[in-house]
Amino acid sequence: MTNREEAEIQISELDLLSSMFPYEEEFVVTDQLAVAELKHYVENESTEMPSSKVQFILNVKLEVSNASTVEFSMACALPFKYPAVLPEITVRSSLLSRSQQLHLNSDLKTYLMQNCSGEPCMLSAREWVKDHAAAYIDKELSSSSVTASNATQSEVIMFTRLWIYSHHIYNKQKRKNIIDWAKELSLSGFCMPGKPGVVCVEGLQSSCEEFWSRQYKETSSCLWKCLHVSGVSVTSQGTIISAKDTE
């Protein structure tokens, strides 16, 4: 397929979308100059390729489980070689968390790669969003592809926050260990040196347990005095599953 044929297909698909979704709340071209350049390239047989991609937004309104209406916005860009290459599509909604949005867009891309390679696919992409997007609001999904009839259960992830109290924290090496271990284990939190000393870390339960294990070993080597730890663990859905308070 030549570059001009690909440009003609893009214009035809834009005309189709404009006819099917005539209102701005459904379909709007965000870069009119790019469309004008594309038409000039086709109609005047110019040898100069357009300088920018055609960009537009498709909005899809869906009803979710509580009967309210949610809008999904599909920000689309057509590469110069489209439809020989896939379009660039990012789906967003105010009700999607970052991880839900990543899962949705990853699964949409997988669907397009498997079903629409080399063919105009904007209508297919919109239909996929219409059929599947609402499921991503209801629950966190695993990284596998999602279909309406076979949605996977999300993996339960344990998060923990630990508060560690020490008689004092002055030793520079001890403070360096706290910072280095937290970075290594991808934990967030803070360290308050002085007397008394306080350390707070939070993150995956397994990482917090490893952090506490290392601190406990330091207790045995007399680097820590009067150590006290308390914490709470929750699931990724925010449910408290355990609490501990030990000395």
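## Strand pairing and nonpolar cores

Strand 6 (residues 188-192) and strand 7 run antiparallel and are joined by five bridges. The model is predicted. Within this pair, methionine 192 has valine 198 of strand 7 as its bridge partner. Four residues lie between the two strands of this hairpin, and glycine 194 takes a positive phi near 120 degrees there.

Strand 5 (residues 159-166) pairs with strand 7 in the antiparallel sense, over eight bridges. Here serine 166 stands opposite glycine 197 of strand 7.

How much of strand 7 is buried? Strand 7 spans residues 197-204, and six of its eight residues are buried, so the strand is largely enclosed by the rest of the structure.

Strand 2 (residues 54-63) pairs with strand 3 (residues 69-78) over 10 bridges, in the antiparallel sense. Phenylalanine 56 stands opposite cysteine 76 of strand 3. Strand 3 also runs antiparallel to strand 4 (residues 88-92), with five bridges joining them. In that pairing, alanine 75 has threonine 90 of strand 4 as its bridge partner.

The pairings are listed below.

| Strands | Sense | Bridges |
|---|---|---|
| Strand 2 and strand 3 | antiparallel | 10 bridges |
| Strand 3 and strand 4 | antiparallel | five bridges |
| Strand 5 and strand 7 | antiparallel | eight bridges |
| Strand 6 and strand 7 | antiparallel | five bridges |

Now the interior. In soluble globular proteins, nonpolar side chains tend to be buried together. The largest nonpolar core in this model has 40 residues. Which residues have the most contacts inside it? They are Phe56, Phe72, Met74, Ile89, Met122 and Val129.

Leaving aside neighbours within four places in sequence, phenylalanine 56 is in contact with Leu14, Leu17, Phe27, Val28, Val29 and Thr30, among others. Its contacts also include Met74, Ala75, Cys76, Leu78 and Met122. Of these, Cys76 is the residue that stands opposite phenylalanine 56 in strand 3. A second, separate core has 13 residues, among them Leu162, Ala182, Val201 and Trp212.

Finally, the whole chain. It has seven helices and nine strands. Of its 247 residues, 38% count as buried. Among contacts between residues at least 6 apart in sequence, 59% join residues at least 24 apart. The accessible surface of the chain comes to about 14100 Å². Carbon and sulfur atoms account for 51% of that surface.

Methods. Residues numbered from 1 in each chain as written. Predicted model: local features only at pLDDT ≥ 70, side-chain atom pairs only at ≥ 80, totals over all residues. Heavy atoms only, no water. Pairing = 2+ DSSP bridges. Core = buried A, V, L, I, M, F, W, Y, C linked by side-chain atoms within 4.5 Å. Buried < 20%, exposed > 50% of the residue type's maximum accessible area, 1.4 Å probe, protein only. Contact = heavy atoms within 4.5 Å. Areas by Shrake-Rupley, 256 points an atom, 1.4 Å probe, with all protein chains shown as cover.
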